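Let's take a friendly walk through a protein model together. Have the sequence and the 3D view ready, and follow along as each part comes up.

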Amino acid sequence: MNPELSNFAARLRGQISSESREGREVGEVKPFPSQPSCSSRDIFEKEFPKLALELFALQFKHNAAYRKICAARKLTPETVAHWTQIPVVPTAAFKELELTSLAPVERTAVFHSSGTTEQKPSRHFHCPESLAVYEASLWEWFQANCDVALADCELICLTPSPSQVPQSSLVHMFDTVWQKISGGASVPASRSPFIGKLDKDGAWTLNFEAALSALSANAKLKTQNSIVILGTAFSFVHLLDVLVESNLRLELPAGSRVLETGGYKNRSRSLPKAELHTLITERLGVPRENILCEYGMSELSSQAYDFEVGSQKSEIRSFHFPPWARAQIISPETNIEVAEGETGLIRIFDLANVFSVAAIQTEDLGVKRGDGFELIGRAQLAEPRGCSLMTA
Amino acid sequence: MNLPNYFLADLPSEAELTPTMIVAACDTLKRNREKYLQARSTDEIVNILCEVAAEWLKPENKFRRFVLEYGLAQTGFSPAILEKGLESFFRRFTPVNFQALLAQDLGDADAWHFWRGPELLVHVAAGNIPNPALMSLTLGLLTRSAQFMKCASGAVFLPRLFAHSIYDLDPKLGACLELAEWRGGQVDLEAVLFANADCVTATGSDETLAAIRARLPAKTRFLGYGQRVSFGLVTREVLREETIAEMVARAADDVIAWDQNGCLSPHVFYVEERGAVESDQFAARLAAELIRRETLEPRGKISVEEAAAIASKRAIYEALATHRGDVKIWVSPNSTAWTVVFEHETRFRFSPLNRFIYVKPVPDLAAVLSGIDEVHGKVSTVGIAAPPEKMRQLAVQFAHWGATRICPLGQMQNPPLTWRHDGRPALGDLITWIDVEL
């Protein structure tokens, strides 16, 4: 492992993690939920620009594929003066190029983008150190946004288990959350929170019996612990369809949370977000303000949430990355940042992407809302339009 | 210019259409057809259509001037593109061309074999380029049908002006046309409209067409024009210093016409290797031509989604180009106005359009045929640049493969009046024959 990047990773983890700052063991669940402590916000408020340039210099030096892209644009650590000028790589480049500073022998894990099978997936290579940064990053921001005493919660994940889908960064995230909550103790398989499975074609589906028993067992006991359900939008559709068919309405314990992420990827019928949330409220008894939306991808090591303590009542909920990652909304026409309220492509500078590339250009459209964004979704690519389309 | 209130599309935008209004409009159309259209001779109608076109071709024509003034805001196309597109369209309107069309599709008519058109012909017109809608109205007039055109929301501008220009010259003919604009899927309006139709034409995605077809009464004839894509092929014989400039200009014509928005517009140019001018040079020269043409015939306005599609495609090819010698990309600076991607991968690619073109070198025709395999059955036009003899050979091969139109490069968006849309007889599909056996 490159010692310079390792050193950066270790320092960043220290700055991200409230636990290490507060002298507690990693994995020890905090008694009360909170925003990342003020110090984390303060640290990055001040340090982010400097850290971003430092990381760019290291990635330029140690990531050969990235260096080529930067060199072609004549952008080097010598010429880049501000973090916003750091050359970005498109998420799609993770399909074609090995955008990593890890040597092949150092790569102990790889996360693939989910997509249709005939497409090449993105490949985000990891090692124990990079996973440790990923885990610190996801846990801090998850806790801060989930806003519930996680130690007292039941967790249910509507995805297959990590052993079934080791290349899913999302499932790795859910598993990390589970490990943190359960204190890292090994638990019998029967207590696994993962109630998804793979169907015979390898698509993600739900173990409906397990889902219903996990949910209704808790729903019957009003005094039970709150439940936190984590899943993709399409897995919620699968679940809700079954509840509708069975004419079941569950009332999850007060304080229960739903975290919903990702698109539909043709794995279920797709629903407008508002409709999905209404159904969740109707069928699971979780009010809108307790439904959290997550925006993440395998090419990143941090996630954005559309929910923050104190801001949940606002009408338009905007996504925010943690203080160690910043988003910009870029005009696709001019390649410069759009004004407040305008639409553009979401670009992310994620310091937690230590061993790959921090500056990522997504293909997702968003509307700039302060330092966050409202998610519009994927720019439609590869759709034949012709004179024959667009009857609307 | 204040247009008089002839059509539903002339109503102020706040006026809401109701099923009753649609039914009333259909009744009026049928009555007017009976009174004004049925007895007209085909020659008479052809003459009026040619007169309408001649008016549009005059620089001082009020409709043309209106289009040039307001077209960009209304359609997204720059005035230069609108002017060129409409000119090439209306120039086809000559008596000779119409006679050729009539002879081709209806030539079998005689004293005991005659035809009649639908009483009410309904068009569900797509949004992006106007020509197909204008052509649909033209064909409907030739079959002496009353016509109701439902335009996609935001797409009624040019069909409406065309209808007004007909009304101006011949109010009785104009009274057999109706145009309205609403967002597809307004079931109450469409139900009464479809119930009144004898024949419905529609352009759209396969899903849209299936949805319309499912809602039509069994007796109603349905002509659906589905998704099509097009591409070009430049052969090595024309890749010579003496001819290259001309070939590049023609290729640019095809990319620029209607900002590449029609299904006849190319997504890809396959370029044969081992010409005197190499395929990557063709791409570089095409980029240079697109720069030049951008100042003369600028690309129109596009949505942020369309721009994002272009920016995202560019980003990946820019990254690839830094790693692979066989990928090159040329882009307009500080805008998405035009993009040329050169790559050896021969698989057909869907372009995000709006002047984003792939140039793909190929060793031979076999490489093209394997590259286009995945769009088999979806191809409309193949534009070819080749010497006459090779052009004929290639045409036969592409015809066998399944293309429905093969034309010279530079003419892809400019089909003749006799063009059979998706291989179907344009007039022939609308009419019904009556055979009398004596």
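This is a predicted model: local features need pLDDT of at least 70, side-chain atom pairs count only at pLDDT 80 or more; totals for chains, interfaces and linings use all residues.

Chain A has a mean pLDDT of 86, and 83% of its residues reach 70 or more. Two stretches of chain A are of another kind: pLDDT stays under 50 over residues 25-34, and it is below 50 over residues 380-392 as well. In the model, residues 25-34 have 21 contacts beyond four places in sequence, while residues 380-392 have 57 contacts beyond near neighbours in sequence.

**A sheet in chain A**

Next, find the open sheet of five strands in chain A, which run in the order 4-7-8-9-10 with mixed pairing. Strand 4 (154-157) and strand 10 (304-305) of chain A are at the edges; each has a single partner strand, so one side of each lacks a neighbour in the sheet. Strand 7 and strand 8 of chain A pair in the parallel sense, with A:Leu230 opposite A:Leu259 in strand 8. Helix 9 (residues 233-245) of chain A packs on this sheet and touches both strand 7 and strand 8. The direction of helix 9 makes about 115° with that of strand 7 of chain A.

| Strand | Partner strand | Bridges |
|---|---|---|
| Strand 7 of chain A (residues 227-232) | Strand 8 of chain A (residues 257-261) | five bridges |

**One serine up close**

Is A:Ser168 buried or exposed? It counts as buried, because A:Ser168 has 20 C-beta neighbours inside 10 Å. A:Ser168 lies in the loop between strand 4 and helix 7 (169-181) of chain A. From A:Ser114 it is 54 residues away in sequence, and the two are 7.7 Å apart in space, C-alpha to C-alpha.

**Where the chains touch**

Finally, 43 residues of chain B are in contact with 33 residues of chain A. On the chain B side, strand 5 and helix 13 (304-321) are the elements that give two or more residues. Helix 13 of chain B supplies the largest share, 13 residues. By class, this side of chain B has 22 nonpolar, 17 polar and four charged residues.

Conventions:
Residues are numbered from 1 along each chain as its sequence is written. Chains are lettered from A and ligands numbered from 1 in the order in which they are written. pLDDT is the predictor's confidence in each residue, from 0 to 100. Two residues are in contact if their C-beta atoms, placed from the backbone, lie within 7 Å. Two strands pair if DSSP finds at least two bridges between them. Helices (H or I, at least four residues) and strands (E, at least two) are DSSP runs, numbered from the N terminus. Axes are lines fitted to C-alpha atoms, for helices over the stretch in contact, and angles run from 0 to 180 degrees between N-to-C directions. A residue is buried if 20 or more other C-beta atoms lie within 10 Å of its own, exposed if 12 or fewer, and partly exposed in between; C-beta atoms are placed from the backbone. Ala, Val, Leu, Ile, Met, Phe, Trp, Tyr, Cys and Pro count as nonpolar, Asp, Glu, Lys and Arg as charged, and the others, Gly among them, as polar.
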